[in-house]
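Subject: Model for you to look at

Hello,

Here is the structure I promised to pass on. Please open it first, then read my notes below.

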Amino acid sequence: MVTDPTRSIGLITMVINPLYVCVRVLCVCVCVCRLSPLHHAALSSNKELISLLLEAQATVDIKDQNGMRPLHYAAWQGKTEPMKMLLKAGSSVNSQSDEGQIPLHLSAQHGHYDGSEMLLQHQSNPCISDTAGKTPLDLACEFGRVAVVQLLLSSNVCAAMIEPKPSNQNGVSPLHLAAKNGHIDVIRLLILAGIDINSQSESGTALHQAALCGKTEVVRLLLDSGIGAGVRNTLCQTALDIVNQFTATQASREIKQLLRDASAAIPSCCLYLHLCICHDLVDRPAAYLHLCICHDLVDRPAASTFISVSVMTS
């Protein structure tokens, strides 16, 4: 059987032309967006185009104007096949963008379980922090990506991920981020993993964050899990002090009652001593009495005893 060569050429043209046109369009886009054709192919999860470009010796870890590689874009989209192609071509899993993010940051933030798992299998380091001091776990907790949080916490570096990070100067932990945004299931996973429930940032504990943002169920869970209701932040405020600044919404009323009940269970001597230390009044009983009046604490039985002892020993 004789084959018509022109028909064959036509068929080849039909197959090649779409990719050819796409490459030409992407080349024009490089000048406008400063993205390479491989960036665009990764962003659109176009496996055929990625294959064509890699065969043409495209630079697999070429940077865009923000220092992001094609693998960053593929991880952002969460499609594992394009990611697999780029990784097979030698793309680095731990290369950071100008904002300090590795592909795992983007995959975790957007809740891509399979993509995150693939990156971890290729030795992506989940302890790397971006310029904001956030790890992939921080972002997964902040955005409530429960499955990805569970995946990251099951890694062999779980303990390192939930410890305070030197690069994060304000002390915000994954627990703070989850509490602020009301992600109950994430909080349960973090507590189960052994995170320090009383870890403090400049603004206080996760309880301060939950109270400030009106997350009633988070406040309830944290208190039930043993968080300190009387802990004060750098401004010497308890979570109750903060919620008292809210308007009289239903959420704030419920939170206030939860915090009052929890505070009532705190031994009075501990509360008074904490106030003294916080206000540097250990050796100044008169000033401390004034402070008790301001905080409406003078009706507590231990107050007069504490002040009497202070006067006698001063």
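Start with Asp130. Asp130 sits in the loop between α7 and α8 (136-142); helices here are DSSP runs of H or I with at least four residues, strands are E runs of at least two, and both are numbered from the N terminus. Bear in mind that this is a predicted model: local features need pLDDT of at least 70, side-chain atom pairs count only at pLDDT 80 or more, and totals for chains, interfaces and linings use all residues. Residues are numbered from 1 along each chain as its sequence is written, and side-chain values use heavy atoms, with hydrogens and water left out.

What is the nearest side chain of opposite charge to Asp130? It is Lys134, 6.8 Å away. Asp130 is buried and has no salt bridge. Buried means under 20% relative accessible area, exposed over 50%, and partly exposed in between (1.4 Å probe, protein chains only). A salt bridge needs a side-chain nitrogen of Lys or Arg within 4 Å of a carboxyl oxygen of Asp or Glu. For charge, Lys and Arg count as positive, Asp and Glu as negative; His and the chain ends are not counted. The Asp130 side chain does reach the backbone nitrogen of Lys134, at 2.9 Å. Leaving aside neighbours within four places in sequence, Asp130 is in contact (heavy atoms within 4.5 Å) with Glu99, Gly100, Gln101 and His105.

Now the whole chain. DSSP gives 19 helices and zero strands. Of the 314 residues, 45% are buried. Among contacts with a separation of 6 or more, 65% join residues 24 or more positions apart.

Residues 99-131 are 48% helix and 0% strand, with end C-alpha atoms 5 Å apart. Residues 170-202 are 52% helix and 0% strand, and there the end C-alpha atoms are 6 Å apart.

Next, helix α5 (residues 80-88). Pro82, Met83, Met85, Leu86 and Leu87 are buried in it. The cover over the buried residues of α5 includes α2 (37-43), α3 (47-55), α4 (70-77) and α7 (113-121). Just after α5, Gly90 has a positive phi of about 105°.

Tyr73 lies in α4. Tyr73 counts as buried because its relative accessibility is 7%. Not counting residues up to four places away in sequence, Tyr73 touches Leu35, His39, Ala42, Leu43, Asp64 and Met68. Tyr73 and Ser107 are 34 residues apart in sequence, and their C-alpha atoms are 9.4 Å apart in space.

Two glutamines deserve a look. Gln57, in the loop between α3 and α4, has a positive phi of about 70° although it is not a glycine. Gln123, in the loop between α7 and α8, also has a positive phi of about 70° without being a glycine. Gln57 counts as exposed at 67% relative accessibility, and Gln123 counts as exposed at 62%.

Last, the cysteines. How many disulfides are there? The count is zero, taking a disulfide as a pair of cysteine sulfur atoms within 2.5 Å. Cys141 counts as buried, at 0% relative accessibility. Cys213 counts as partly exposed, at 32%.

Best wishes

Technical notes
Polar contact = N/O pair within 3.5 Å; in protein donor to acceptor, adjacent residues only side chain to side chain.
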